[in-house]
Amino acid sequence: MAVEGRVTVPKFMAAKAQGRKLAVVTAYDWLWAGICDAAGVDAILVGDSLAMVVQGRSSTLPVTLSQMLYHAELVTRGVQRAMVIVDLPFLSYHVSPRQAVRNAGQILKRTEAAAVKLEGGVQQADTIKALADADIPVMAHVGLRPQSVRMLGSMGKIQRDRDLLLADAQAAEQAGAFGIVLEMVSQKIAADITQALTIPTIGIGAGPHCDGQVLVGQDLLGLMDGFHPKFLKKYADLRTTAIAAIQQYATEVRSGEYPTAAHSHD
Ligand code: KIV
């Protein structure tokens with residue numbers, strides 16, 4: 001059962017105790033956000049994955065705070081019910097907790113977003129606490145952390161160090177995070193973390209025992225070319241549908257079949 005009415009941070013947190021699974025999807029613009037909202041998801045993440053999905057970059061590192069602000073504004077304009085969470089991009093919170101509060105505060109001041117997300121647990125505990133103390137709802141993100149790609153050397157590897165993962169998740173909760181993304185975590189460890197925490201866990205590549213799931217919208221609709229990780233279920237093949245429709249349009253323009261009198265003004 002979905003959360004009732006406009007989804008707020010307290011309602012999102014309460015879903016765990018109520019046994020309601022949370023459905024989260026990414027969006028980066030007004031049109032897409034409106035579609036996700038109409039579909040009734042609980043939260044929309046303006047992910048820094050927009051660097052790869054929208055900007056065609058090879059990692060999430062280049063996206064800037066002003067670009068995140070721009071996309072957050074577009075998304076919040078298209079949403080009536082879902083809670084909007086905005087990623088803090090790389091280097092917008094790493095310098096100091098003060099820097100994080102200033103930058104996250106801009107997101108809440110300049111958009112209708114409800115919350116921010118940052119990557120890290122133990123490492124970012126002071127920053128999570130500073131944000132929570134400033135009444136800025138913050139979601140943590142542990143397991144695979146795409147912003148650490150240069151340190152990790154690669155993406156997509158399953159995280160299996162139970163003690164480190166649990167310590168990260170507990171540090172985030174204790175510091176005041178209202179929720180936590182678990183990315184590419186073994187399903188058994190994700191289940192243990194979910195049981196150990198009172199805040200909701202939102203999994204991506206972390207199995208079925210999390211309190212909710214998040215997917216990149218373009219992935220679940222089959223729009224991305226050549227991306228087939230094990231965790232991804234494609235609910236549609238919109239890339240094939242879109243290419244076929246545009247090919248048909250081009251064919252009809254070239255043959256003179258489109259437009260007809262029915263598409264023309266007298
Ligand atoms: O940026 C993003 O889209 C994310 C999700 C994959 C969790 O952080």
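Predicted model: local features only at pLDDT ≥ 70, side-chain atom pairs only at ≥ 80, totals over all residues.

Colleague: Which residues touch the most other members of the largest nonpolar core?

Modeller: Ile44 is one of them, together with Phe12, Leu131, Ile180 and Leu182, in a core of 74 residues. In soluble globular proteins, nonpolar side chains tend to be buried together.

Colleague: Turning to helices, at what angle do α4 and α5 pack?

Modeller: Helix α4 (residues 65–77) and helix α5 (residues 97–110) pack at about 25°, and their axes are 10 Å apart. Angles under 35 degrees count as roughly parallel, so α4 and α5 are roughly parallel to each other. The crossing of α4 past α5 is right-handed.

Colleague: Which residues make the contact?

Modeller: Leu65, Leu69 and Glu73 contribute from α4, and Asn103, Gln106, Ile107 and Arg110 from α5. By class, three residues in this contact are nonpolar, two are polar and two are charged.

Colleague: Which residues of α9 are buried, and what covers them?

Modeller: In helix α9 (residues 187–196), the buried residues are Ile189, Ala190, Asp192, Ile193 and Thr194. Their cover includes α1 (9–18), α8 (162–175), β6 (179–183) and β7 (201–204).

Colleague: And Ala250: buried or exposed?

Modeller: Ala250, in helix α11 (residues 238–255), counts as buried because its relative accessibility is 18%, and buried means under 20%. The C-alpha atoms of Ala250 and Ala206 are separated by 42 Å, with the two residues 44 apart along the chain.

Methods:
Residues numbered from 1 in each chain as written. Heavy atoms only, no water. Axes fitted to C-alpha atoms, helices over the stretch in contact; angles between N-to-C directions. Helix = DSSP H or I, 4+ residues; strand = E, 2+ residues; numbered from the N terminus. Parallel < 35°, antiparallel > 145°, perpendicular 65-115°, else oblique. Left-handed = near helix turned anticlockwise from the far one by under 90°. Contact = heavy atoms within 4.5 Å. Nonpolar A, V, L, I, M, F, W, Y, C, P; charged D, E, K, R; others polar. Core = buried A, V, L, I, M, F, W, Y, C linked by side-chain atoms within 4.5 Å. Buried < 20%, exposed > 50% of the residue type's maximum accessible area, 1.4 Å probe, protein only.
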